[in-house]
Amino acid sequence: METIASFTINHKRLMPGVYVSRKYSTGHDVVTTFDIRMTRPNFEPVMNTSEIHTMNHLGETFLRSDEEWKDKVIYFGPMSCRTGFYLILAGDYESEDIVPMLREMYKYISQYEGDVPGASAEECGNYLDMNLPMARFLADRYLEKVLIGITPDRLNYPK
């Protein structure tokens, strides 16, 4: 079996950032998968499921409501290692192309108040596993430390 692309990245050198994980063709269309890395793998503690779950609900709500991006979003969801999220978009994009949208999304999450969208027994299979205060904290930290003033080394995987 072939080694999947994400396993070829040296996670000892990977820093929080926004990376193109892979691009593939569905015939004549290109699909771009982004690695939205929020914590430094194998160095920082991973995120807990409750804040990831909350950020996923809020991020999906933001993306699926955004006029520019809603028809391009195929998937937004957590990495199983709990160090970030994958965002899959229809189209051929580079990391720089989505940074402004991510800034808006993480600002939305960091400032969100009220009931988390979809956080009821009727709408979610694990609605009690939510932590809005921690989701807001982590979103704000990622926005401030990574997305605002992001540098090229945080937009391209390390060699």
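Which residue in β2 does Val18 stand opposite? Val18 stands opposite Ile36. This model is predicted.

## The sheet

Four strands make up an open sheet. Their order is β1-β2-β4-β3, and the pairing is antiparallel. The edges are held by β1 (17-25) and β3 (73-78). Each edge strand has a single partner, so one side of each is left without a neighbour in the sheet. From one strand to the next, the twist averages 15 degrees.

Strands of a sheet pair through backbone hydrogen bonds, either parallel or antiparallel. In a regular strand, side chains alternate between the two faces of the sheet.

## Strand β2 and its partners

β2 covers residues 30-37 and pairs with β1 over eight bridges, in the antiparallel sense. Tyr24 has Val31 in β2 as its bridge partner, and Val18 faces Ile36 in β2. Four residues lie between the strands in the hairpin of β1 and β2. Gly27, in that hairpin, takes a positive phi near 105 degrees.

With β4, β2 pairs over seven bridges, again in the antiparallel sense. Ile36 stands opposite Phe85 in β4. Seven of the eight residues of β2 are buried, so the strand is largely enclosed by the rest of the structure.

## Helices across the sheet

Helix α1 (residues 49-65) lies across β3 and β4 (84-90). Its direction is at about 165 degrees to β3. Helix α3 (residues 132-147) lies across β1 and β2. It runs at about 90 degrees to β1.

How far apart are the end C-alpha atoms of α1? They are 24 Å apart. At 1.5 Å a residue, the 17 residues of α1 should span 24 Å, which agrees. The helix is mostly covered, with 13 of its 17 residues buried.

## Where α1 meets α2

Helix α2 is made of residues 95-111. Its axis and that of α1 come within 10 Å and cross at roughly 130 degrees. That makes α1 oblique to α2. The crossing is right-handed.

On the α1 side, the residues that meet α2 are Met55, Leu58, Gly59, Thr61, Phe62 and Leu63. They meet Met101, Glu104, Met105, Tyr108 and Ile109 in α2.

## Loop residues to look at

Is Thr83 buried or exposed? Thr83 has a relative accessible area of 4%; buried means under 20%, so it counts as buried. Thr83 sits in the loop between β3 and β4. Leaving aside neighbours within four places in sequence, Thr83 is in contact with Ile36, Arg37, Met38, Thr39, Pro41, Val46 and Met47.

Arg82 lies in the loop between β3 and β4. Its phi is near 65 degrees, a positive value in a residue other than glycine. At 30% relative accessibility, Arg82 counts as partly exposed.

Asn42 is in the loop between β2 and α1. Asn42 is not a glycine, although it has a positive phi of about 60 degrees. With a relative accessible area of 72%, Asn42 is exposed.

Key. Residues are numbered from 1 along each chain as its sequence is written. This is a predicted model: local features need pLDDT of at least 70, side-chain atom pairs count only at pLDDT 80 or more; totals for chains, interfaces and linings use all residues. Side-chain values use heavy atoms; hydrogens and water are left out. Two strands pair if DSSP finds at least two bridges between them. Helices (H or I, at least four residues) and strands (E, at least two) are DSSP runs, numbered from the N terminus. Axes are lines fitted to C-alpha atoms, for helices over the stretch in contact, and angles run from 0 to 180 degrees between N-to-C directions. Contact means heavy atoms within 4.5 Å. The expected span of a helix is 1.5 Å times one less than its number of residues. Buried means under 20% relative accessible area, exposed over 50%, partly exposed in between (1.4 Å probe, protein chains only). Angles under 35 degrees count as roughly parallel, over 145 as roughly antiparallel, 65 to 115 as roughly perpendicular and the rest as oblique. A crossing is left-handed if the near helix is turned anticlockwise from the far one by less than a right angle, and right-handed if clockwise.
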